[in-house]
Amino acid sequence: YNYCGDIKKLNPGLLWYGFYPEDEEQPDGFYQIRPVELEIVMSKYTVGNGLEFDVSTNSEERSIFLLGLDHPLEYKELAIRDKSEQLRNQQRKLFPGQEYILLEGTKPVKLAATGSVESTGPCPDLKDYKLILSGEKYFLPIKQDITAELGSAGKCGMPEIYWYGDFTGDGMPEIIFVSVYDEINRFTLFISDPKADNVLLKKHAEWVIDKCY
């Protein structure tokens, strides 16, 4: 991957894991999670005027994303189903009034969008747009407004669900949102925290991918 951001924010010394589709020909299969070594070298060929770097791993396969942690991930015990086909069919944006079930079962976790639409079209004008997580924690119902923590909403005023799955193994799905703009994509990672009261997920990291030109 070609990277032109602040190189000091990439730490190859963390424990890095690659998330790979088990079989690209079988949507709704499971992900494979494998430890990888991160390599960062200055690009020989650049597309912009600043410093650019090539970010790669020791795996020949291209991962869906890489996750760098300061503690080991018990990936052998995780069975995360690939929801990419479902996201394609249902769209990655939630319009006001729509709801997305992130976790089914007796204790479902849902993501809903509220607000009003002021105009129609591919990129409608929205008013009071909010994203609300709802679920159960310690046998109590919880509704959590995560809109403000996202920071940016993207050029259509609606962030997209990039990926979700339970990689902490506590039964609560983690979510990666992406706010899409013409020149950059801004990602936000929410992770479950069993110690946090009255919230289902906490904002854990955010990063920006620049198109470099």
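This is a predicted model: local features need pLDDT of at least 70, side-chain atom pairs count only at pLDDT 80 or more; totals for chains, interfaces and linings use all residues.
Residues are numbered from 1 along each chain as its sequence is written, and side-chain values use heavy atoms, with hydrogens and water left out.

So what does lysine 155 pair with? Its partner is aspartate 182, and the closest N and O atoms of this salt bridge are 3.1 Å apart. The term "salt bridge" is used for a side-chain nitrogen of Lys or Arg within 4 Å of a carboxyl oxygen of Asp or Glu. Lysine 155 sits in the loop between helix 2 (147–150) and strand 11, and aspartate 182 sits in the loop between strand 12 (174–180) and strand 13 (184–192), so the pair ties together parts that are 27 residues apart in sequence. Helices (H or I, at least four residues) and strands (E, at least two) are DSSP runs, numbered from the N terminus. Aspartate 182 also counts as exposed, at 51% relative accessibility.

Now zoom out to the whole chain. It has two helices and 14 strands. Its radius of gyration is 18 Å, close to the 17 Å that the globule rule gives for 213 residues, so the chain is as compact as a globular protein of that length. That radius is taken over C-alpha atoms, and the globule rule is 2.2 Å times the number of residues to the power 0.38. Along its principal axes, the C-alpha trace spans about 50 × 45 × 35 Å. Buried residues make up 36% of the 213 residues.

Back to charges. Side chains of opposite charge can pair when their charged atoms come close. How many salt bridges does a search of the whole structure find? The search finds eight. One of the salt bridges joins lysine 93 and glutamate 160, at 3.3 Å from N to O. This pair links distant parts of the chain: lysine 93 is in the loop between helix 1 (84–90) and strand 7 (99–103), while glutamate 160 is in strand 11 (residues 160–165), 67 residues apart. Lysine 93 counts as partly exposed because its relative accessibility is 23%, whereas glutamate 160 counts as buried at 16%. Another salt bridge joins lysine 202 and aspartate 193, with the closest N and O atoms 3.7 Å apart. Lysine 202 is partly exposed at 39% relative accessibility, and aspartate 193 is partly exposed at 25%.

What about charges that form a patch? Glu22, Asp23, Glu24 and Glu25 form a negative surface patch. Patches are made of residues with over 30% relative accessible area and no salt bridge, where like charges are joined within 9 Å and nonpolar side chains (Val, Leu, Ile, Met, Phe, Trp, Tyr) within 5 Å. Look for glutamate 22 in the loop between strand 2 (15–21) and strand 3 (31–36). Glutamate 22 counts as partly exposed, at 47% relative accessibility.

Next, have a look at the backbone. Most residues other than glycine have a negative phi, and most peptide bonds are trans. Where does aspartate 128 lie? You'll find it in strand 9 (residues 126–137), and its phi is near 55°, a positive value. Aspartate 128 counts as exposed, at 58% relative accessibility. Asparagine 198 has a positive phi too, near 65°. Asparagine 198 is in the loop between strand 13 and strand 14 (201–210), and it is exposed, with a relative accessible area of 63%.

Asparagine 11, in the loop between strand 1 (2–3) and strand 2, is 57 residues from glycine 68 along the chain, and their C-alpha atoms are separated by 8.1 Å. Alanine 153, in the loop between helix 2 and strand 11, is 24 residues from tyrosine 129, with 9.6 Å between the C-alpha atoms. Glutamine 144, in strand 10 (residues 140–145), is buried, with a relative accessible area of 6%. Glutamine 144 and isoleucine 191 are 47 residues apart in sequence and 13 Å apart in space, C-alpha to C-alpha.

Key
Accessible areas come from the Shrake-Rupley method with a 1.4 Å probe; for residues, only the protein chains shown count as cover. Lys and Arg count as positive and Asp and Glu as negative; His and the chain ends are not counted. The place of a charge is taken as NZ of Lys, CZ of Arg, CG of Asp or CD of Glu. Buried means under 20% relative accessible area, exposed over 50%, partly exposed in between (1.4 Å probe, protein chains only).
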